[in-house]
Amino acid sequence: MRKNGNSLVNFVNTVYPPVLLIMFLLIFWQTVCSVNNIQVWMLAKPTDIFSKFAANTKDILPHIGITYSNILIGLVLAVVIGLLIAVITCSFPVAGAALTPITVSLCCIPMVTLVPTLMLIFGVGRSVKLITIVIQAFPIVTMNAATGFLNADPAHLELMQSLKANKFQQFKYCLMMDALPDIFTGIKLSSIMAMMGGITAEMTGGNQGLGSRISFYIGFSKTPEALSCIIYIAFLGALLYSLISLIEKKTVRQ
């Protein structure tokens, strides 16, 4: 009972500070818009945004499915590619010296500047959105995974070698397990980057997905509707991040 009570207290202490802050900001936002009589097309009040959020759910659901499926597929591809490049980088110094500057450079390139070029090459279909997500997300996985591999405990590796473990067994039971915290850190950060890349690609071209809806609503000065889509994006991003955190807790040894 005491353990359950402590868990409840920890949960409350974790949740209520951000909830209180968000409530304060929403009340302040509502008050400023009402007192200054700000036009809804310039800055919608929270009450207007949440009313559209509830009213447009049925129309937005297909776009949510498209956006989230693209992000999930792109993130899985990014994780696989990122881990593969990290293994190559750590296993072959020459390859690492060649790939590291490219990986770092990709982290520094805003996708909004690259998406139009990708669309000229690949068109405006789903493929360009997946490519954008992968390019945006995999460098974060690579850098964090490489850090984990390089910082693996030498004592663990020496023990595996003394037990005559082969290279694959050393990687599976030593390097991979020691690097898991860094790998999951990279995956969580890349999930955020995947959301950003996917929405950017949808806003730049196409007529499907939450990003395209935001561009459409902004084009017609429907600010409440556009901001309600941003609420969906924030919720989906937090959900994905929380899911990865849950998998991390179940996977990483304490």
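Does phenylalanine 220 count as buried, partly exposed or exposed, and at what relative accessibility? At 55% relative accessibility, phenylalanine 220 counts as exposed, where exposed means over 50% relative accessible area, buried under 20% and partly exposed in between, with a 1.4 Å probe and protein chains only.

This is a predicted model, in which local features need pLDDT of at least 70 and side-chain atom pairs count only at pLDDT 80 or more, while totals for chains, interfaces and linings use all residues. Residues are numbered from 1 along each chain as its sequence is written, and side-chain values use heavy atoms, with hydrogens and water left out.

**Aromatic pairs**

- Searching the whole structure gives four aromatic pairs, a pair being rings of Phe, Tyr and Trp (its six-membered ring) whose centres lie within 6.5 Å, with planes under 30 degrees apart called stacked, over 60 edge-to-face and the rest tilted.
- One of them is the stacked pair of phenylalanine 24 and phenylalanine 28, at 6.5 Å centre to centre and with 20° between the planes.
- Phenylalanine 24 and phenylalanine 28 are separated by about one helical turn because they are four residues apart in helix α1 (residues 2-35), helices being DSSP runs of H or I with at least four residues, numbered from the N terminus.
- Phenylalanine 24 and phenylalanine 28 are both exposed.

- Phe216, Tyr217 and Phe220 are linked into a cluster by ring pairs.
- At 33% relative accessibility, phenylalanine 216 counts as partly exposed.
- The charged end of arginine 213 sits over the ring of phenylalanine 216, 4.6 Å from its centre, which requires CZ of Arg or NZ of Lys within 6 Å of the ring centre and within 35 degrees of the ring normal.
- Arginine 213 also lies over the face of tyrosine 217, at 5.9 Å from the ring centre.

Conventions
Helix = DSSP H or I, 4+ residues; strand = E, 2+ residues; numbered from the N terminus.
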